[in-house]
Amino acid sequence: MALIELKDVSKLYGFGDATTLALDEVSLTIEENEFVAVMGPSGCGKSTLMNLIGLLDRPTHGDYQLRGRYVSKLRTGQRAKIRRDMVGFVFQSFNLLPRMTVIENVALPLVYKGVGVNRRIKQAATMLERVGLKNREYYYPRHLSGGQAQCTAIARALINNPSLIIADEPTGNLDSANSRLVMELLSDIHKMGNTILFVTHNPELTRYATRVVYMHDGAIVHDEQTAIGEVASTAKKIIFTVPTKTEEDDLAGVSALMKAVPDASDVKQDKAEEKKTARKKKTKTKAKKRGGKKDE
Amino acid sequence: MSRITRGNVRMALASVRSTKWRSLLTMLGVIIGIVSVVMVVGIGEGVKNEVANEINQFGKDLITVRPGAARNANGKMVSNADLLFGLNSISGLTEKDLQTIKQSEHVGLAAPLSVVSGAVTAGGQPRANSLVLATNQDLPGALNRSIKYGDFFKDDDANGNFAVIGKHVAQSLFDDNVPLGQSFTFRGQTFVVRGMFDEFKSTPLSPVSNFNNAIFIPYQTAQRLTGNSVQMYSILAKPDKPENTRSALNAIDSHLLKTHGGERDFAVLDQKDSLNSSSDILSLITTMIAAIAAISLLVGGVGIMNIMLASVTERTHEIGVRKAVGATNRQILNQFVLEAGVLSLVGGVAGILISIVGVYGLRTYTDLKPIISWQAIVVATLASLIIGVVFGAAPAVKAAAKDPIDALRHD
């Protein structure tokens, strides 16, 4: 059984003349323990897709099954509970509560699960140790670096042991060193058996993913399997041509990416080829990966 | 609920602490409301207590007979207000009634009280506002009072021109501390002061306040002066032994009923009844003022609602984050209701503490003796909590209804 199964899911905003089609009959199946990167230009529906999968939003049309359960028509309260137990969110802007300490932020989802104070603190401390922030427990978020804040947010996402982590541009506000820190952490979590969905503009980060999904104008235009440790082949075409240091570079990279994406008609062919090569490479790259990262 | 509140009470307190000034100003309305209600009720209780003490100074066994029914058609006690305006006293008591009471079983003493109208002249100067009461030799015994100087009139000089005065009359009429032997003119007759009462304990609002300002003359003398037209407004009786109070009261009641031809146009009251009728009117006044004070509590509630609404808007992003990590609408609702409740409760407790200080101040610097009962504290605490919850509900509903995605986008 697939973890996520979207079937012809559409999302419309507004009404009448002002209707915007944010998602256009998207079908997507994600298995357990996949590490999926979602790429695409701004406004292509990446975030809407993430919100739908994370049960923050409802599709206008179509079916959504989360681990075999139809969840799009559930009541708000039940969706909140599923969100609490099965989904962990990581946001671009961290979204930590500024008036709470790091450990209180991490323990927040447990409050809504009804866990007692002592157990909350204990579990949050364990989780902070896992993300390497044991000595920052009683700091406030404003005292943390961007990377530390994002690690705190990841610890918060993990505290309820969710099977799915949704990260919407988790490295968008971070420099390259902190980006690497955060991605390594997500990669470790992936190895523990979690499924991770992340949105990125940086082709370099597809290195960590097992699958890359390209979106444009609310539709998935390309979907390729990729080996861990290697930049996805489509993304590769632009990677060394454009530096990715500022937002403008990012956007330029995105336009380059869109040029690199093959036409929708080629998708099926490409997919078949990718799968073949991916399987072959997988065994080789695992050994390479460690070495490759150190070189960075 | 309990599992949710456990975490949220701490969060709510933290939230109150983190915005100290704003919280204080928000609570101010509740604080003022609680202080005014608690103080007013406390002062009312204090006065009631004082009145009870005053009434009890005459002894618990004093029986008061009044004209007019003490209970109206509904069986409710007639309050002092009605007696004050004479709404139910159609006729006074008569000398025959006094004799009947005197002859009832277990009755030891019986003293009439009648107001004799007329101006008092002393030292050639007419004095206004002098109250002349006609009574007999049983009065000091019935009132449980001793004569401080001189003597009360006896049986054998019941028809003489003698007077016994209250303490304040000595000053106002004769400008003398012990005016024994001094004389004054009343209805063309010269009266000699024979004795002076010790001071009656009294405060404003008490029914016996005027005994200190009264001149007592013998009943027969008054009858002679007015041509037998004096009416008794009250007869005070005492049983022979304190434990016989109840039976004396019943005896008086049945005998009077017989002589009045079965018409209950009089009232026989023991001290408890007198106390009830006077504390009824005090309770009424206290309740009225407290109700007005409670309006400020309501205004405090509106203040809380206002601030909570602002707080919800300000914390929209936080609400989004909380929803994203799995908070249900109900949990968000609970959080904000609880926060308003805690805010209001802290204000209420602060108000109670200020009231206690205020009561201490009043007791130290004024004649009032306010009392704060534990009931008042419990009610004030609950009231502040309820106000917080009621006025916090609307902002909390608004918070709970926010869409998580919009809320997350909000800065």
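**Entry 1: the end of a helix.** I began just past H8(B), where Gly261(B) takes a positive phi of about 65°. I kept in mind that this is a predicted model.

**Entry 2: the helix itself.** Next I stepped back into H8 of chain B, which covers residues 245-259 and has 15 residues. I checked its span: from first C-alpha to last it reaches 21 Å, close to the 21 Å expected at 1.5 Å a residue.

Entry 3: Which residues of H8(B) are buried? I found Thr245(B), Ala248(B), Leu249(B), Ala251(B), Ile252(B) and Leu256(B). Looking down the axis of H8(B), I saw that these buried residues fall within an arc of 160°, so they line one face of the helix. On the other side of H8(B) I noted Ser254(B) and Lys258(B), which are exposed.

**Entry 4: what the buried face meets.** I then asked what the buried residues of H8(B) pack against. In chain B the partners are the strands S1 (63-67), S2 (107-116), S11 (232-239) and S12 (266-269), together with helix H4 (95-103).

**Entry 5: a residue on H4.** I followed helix H4 of chain B to Thr100(B), which is found there. Is Thr100(B) buried or exposed? Thr100(B) counts as buried, because it has 22 C-beta neighbours inside 10 Å and the cut-off for buried is 20 or more. Setting aside neighbours within four places in sequence, I listed the contacts of Thr100(B) as His255(B), Leu256(B) and Thr259(B). Leu256(B) was already in my notes as one of the buried residues of H8(B).

**Entry 6: where the chains meet.** How many residues does each chain bring to the contact? I noted 19 from chain B and 20 from chain A. On the chain B side, helices H1 (2-18), H10 (316-324), H11 (329-365) and H13 (404-409) each supply at least two residues. The largest share of that side, five residues, comes from H1(B). Sorted by class, the side of chain B that touches chain A has eight nonpolar, six polar and five charged residues.

**Entry 7: a look at chain A.** I finished with the partner chain. Chain A has nine helices and ten strands, and 46% of its 296 residues are buried. Among the contacts in chain A with a separation of 6 or more, 69% are between residues 24 or more positions apart.

Terms used:
Residues numbered from 1 in each chain as written. Chains lettered and ligands numbered in written order. Predicted model: local features only at pLDDT ≥ 70, side-chain atom pairs only at ≥ 80, totals over all residues. Helix = DSSP H or I, 4+ residues; strand = E, 2+ residues; numbered from the N terminus. Expected span 1.5 Å × (residues − 1). Buried ≥ 20, exposed ≤ 12 C-beta atoms within 10 Å, placed from the backbone. Arc of directions from axis to C-beta. Contact = placed C-beta atoms within 7 Å. Nonpolar A, V, L, I, M, F, W, Y, C, P; charged D, E, K, R; others polar.
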